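Hi everyone, thanks for coming. Please have a look at the sequence and the structure on the screen, and then I'll walk you through a few places in it.

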Amino acid sequence: MRHHSILYSDLIAKDFSFASVRRRLAKEPFDRANSRQNQTRTRVSMEKGGLDSAGREFKNAEEMWREQVGEDQSKKTEWYRQGLGYWEGVEASANGVLGGYGHVNEPDIMGSEAFLNTLLSERFPDAANSQRHLVVLDCGSGIGRVTKNLLIRYFNEVDLLEPVSHFLETARESLAPENHMASDMHKATNFLCVPLQEFTPEAGRYDIIWVQWCIGHLTDDDFVSFFKRAKVGLKPGGLFVLKENIARTGFVLDTEDRSITRSDLYFKELFCQCGLHIYKSKDQKGLPEELFAVKMYALTTDLPKKVHRTKSKVQANRPGVIK
């Protein structure tokens, strides 16, 4: 799935047609104003429209989804079939899953590691002295790139979820004890060949559910239903980490691999529908300029704690002004 995609596209001439190595836009072809008639409205359908990889514009997300999947289950089935089919034709290598940008692996892992370290120290401080058995789910795991380079070093167990069978088999081989220098205390446990839209995790198993470069394949309805189902898989105090490409405004639709790049505002509206709250977020640094911006979100099911500010004694004792 698109988990592994960061892709770029080159603007050609004035008709906004596109050519790309991976058939996804990494930058939108032109800037559009972010102004809205009513800044208090956050509904996705009210946001500035988007476009597809052929340069066609849509008024809003609702119009795009109505055309792509409608209310006919067969159209939605075809959406997912084509997306899966695209990745079944990609070689199982870092360069393949990263759309020809294998060299972004290092900055990607470095950015994720810094973000993860902050989360672990704040949310799971007891894990530092091995008092907590940490378990993570790697969604859209592909060939196990993120698991092997990052997650398995911090978590005692990693489960990998991936619908593309030859990617998952490559991950299984790569993470086998004889091929990977992991201790008995850090291992890849389960390899699950299931698409996100059909997956429900084991209740209370995971400290973190890591979702990177794959959620763009889900329709909005399936995005919301996935996170609502996946909540049951978190331990008390657990988090989702979503790392994804970000459109400047609205959305960008890839008509070949059947995926959508959403804006930050688009994501925040969907988080609200999922009943999730942003605990922390951070921009990924160090990626080539021609690619989409990438953002990391740590999401919790808990309401953010409000900071109660009390007036200083000086302020509290100050006489009121007589008007």
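Let's begin with pLDDT, which is the predictor's confidence in each residue, from 0 to 100. We are looking at a predicted model, where local features need pLDDT of at least 70, side-chain atom pairs count only at pLDDT 80 or more, and totals for chains, interfaces and linings use all residues. Residues are numbered from 1 along each chain as its sequence is written, and side-chain values use heavy atoms, leaving out hydrogens and water.

The protein has a mean pLDDT of 84, with 79% of its residues at 70 or more. Over residues 1-42, pLDDT stays under 50, and the model has 139 contacts (heavy atoms within 4.5 Å) beyond four places in sequence for them.

Now to the cysteines. How many disulfides does a search of the whole structure find? Zero, taking a disulfide as a pair of cysteine sulfur atoms within 2.5 Å. For C214, the nearest cysteine sulfur is that of C139, 6.0 Å away. C214 is buried, at 1% relative accessible area; buried means under 20%, exposed over 50%, and partly exposed in between, with a 1.4 Å probe and protein chains only. C272 is exposed, at 57%, and its sulfur is too far for a bond with the closest one, 9.1 Å away in C274.

Finally, find L234 in strand β9, residues 234-246; strands are DSSP runs of E, at least two residues, numbered from the N terminus. L234 is buried, at 9%. Its C-alpha lies 4.9 Å from that of G204, although 30 residues separate them in sequence. Beyond four places in sequence, L234 has contacts including G204, Y206 and F240.

Conventions: Helices (H or I, at least four residues) and strands (E, at least two) are DSSP runs, numbered from the N terminus.
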